[in-house]
Amino acid sequence: MALRTLASKKTLSLALGGARPLAAAARGVTTVALPDLSYDFGALEPAISGEIMRLHHQKHHATYVANYNKALEQLDAAIAKGDASAVVQLQGAIKFNGGGHVNHSIFWKNLKPISEGGGEPPHGKLGWAIDEDFGSFEALVKKMNAEGAALQGSGWVWLALDKEAKKLSVETTANQDPLVTKGASLVPLLGIDVWEHAYYLQYKNVRPDYLNNIWKVVNWKYAGEVYDNVLA
């Protein structure tokens with residue numbers, strides 16, 4: 001099912017009544033689409049089951065996409081009407097569902113089947129940076145596992161690059177907050193979803209087992225490419 005990542009645009013033509021100067025202006029709303037995976041749902045087994053991947057992608061991520069697009073269209077209509085209360089009210093839905101789309105779009109790229117190199121430790125500049133900033137690759141894994149396991153409720157644990165300081169750090173975000181909410185200079189290299197929907201069908205309530213096993217399918221090549229591009 002390796003298909004291209006989709007993108008779509010939907011243009012809404014809104015007639016703005018009354019004495020508004022732009023009464024006949026057309027407003028453009030750019031929506032998002034569910035990206036295809038570059039591997040089959042079952043390709044990450046036994047680390048992550050095919051059933052989890054199918055539900056995670058087809059149900060959870062798809063719902064974030066649908067709700068984000070809906071909220072964008074409602075926001076566009078509210079702005080057109082000058083309804084400030086509605087604009088403010090929609091910010092929560094946009095942040096949650098937009099963040100869910102952003103985070104999951106990164107998450108799928110962070111994973112790779114073992115047969116295609118998933119789980120191979122990072123090399124090159126990122127590998128050196130991990131050793132410098134954390135002491136060793138093993139120390140980074142231990143830190144991310146500990147912070148991911150300790151995160152209360154739902155959220156994400158990230159390997160982040162501060163592009164201004166040129167330093168790596170481990171960060172956590174709650175719910176579907178994207179990494180940028182922790183700092184504008186932080187770039188996500190690797191994000192691990194610690195919502196229960198990412199592991200419960202397979203690992204039940206033992207989140208640490210999920211965190212230990214996901215490293216077998218981490219796509220460090222992708223993380224290294226992001227690191228190199230940001231610091232180029």
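Tyr210 is buried, having a relative accessible area of 1%, where buried means under 20% relative accessible area, exposed over 50% and partly exposed in between, with a 1.4 Å probe and protein chains only. This is a predicted model, in which local features need pLDDT of at least 70 and side-chain atom pairs count only at pLDDT 80 or more, while totals for chains, interfaces and linings use all residues. Residues are numbered from 1 along each chain as its sequence is written, and side-chain values use heavy atoms, with hydrogens and water left out.

Tyr199, at 3% relative accessibility, also counts as buried. Tyr199 and Tyr210 form a stacked aromatic pair, 5.0 Å centre to centre with 25° between the planes; rings of Phe, Tyr and Trp (its six-membered ring) pair if their centres lie within 6.5 Å, and planes under 30 degrees apart count as stacked, over 60 as edge-to-face and the rest as tilted. By this rule there are nine aromatic pairs. For Tyr64 and Phe96 the ring centres are 5.7 Å apart and the planes stand at 75°, so this pair is edge-to-face. Of its two members, Tyr64 is buried at 6% relative accessibility, whereas Phe96 is partly exposed at 31%. Ring pairs also join Phe107, Trp108, Trp156 and Trp158 into a cluster.

The largest nonpolar core has 52 residues, and Leu168 and Trp220 have the most contacts inside it; such a core is a set of buried Ala, Val, Leu, Ile, Met, Phe, Trp, Tyr and Cys residues joined through side-chain atoms within 4.5 Å.
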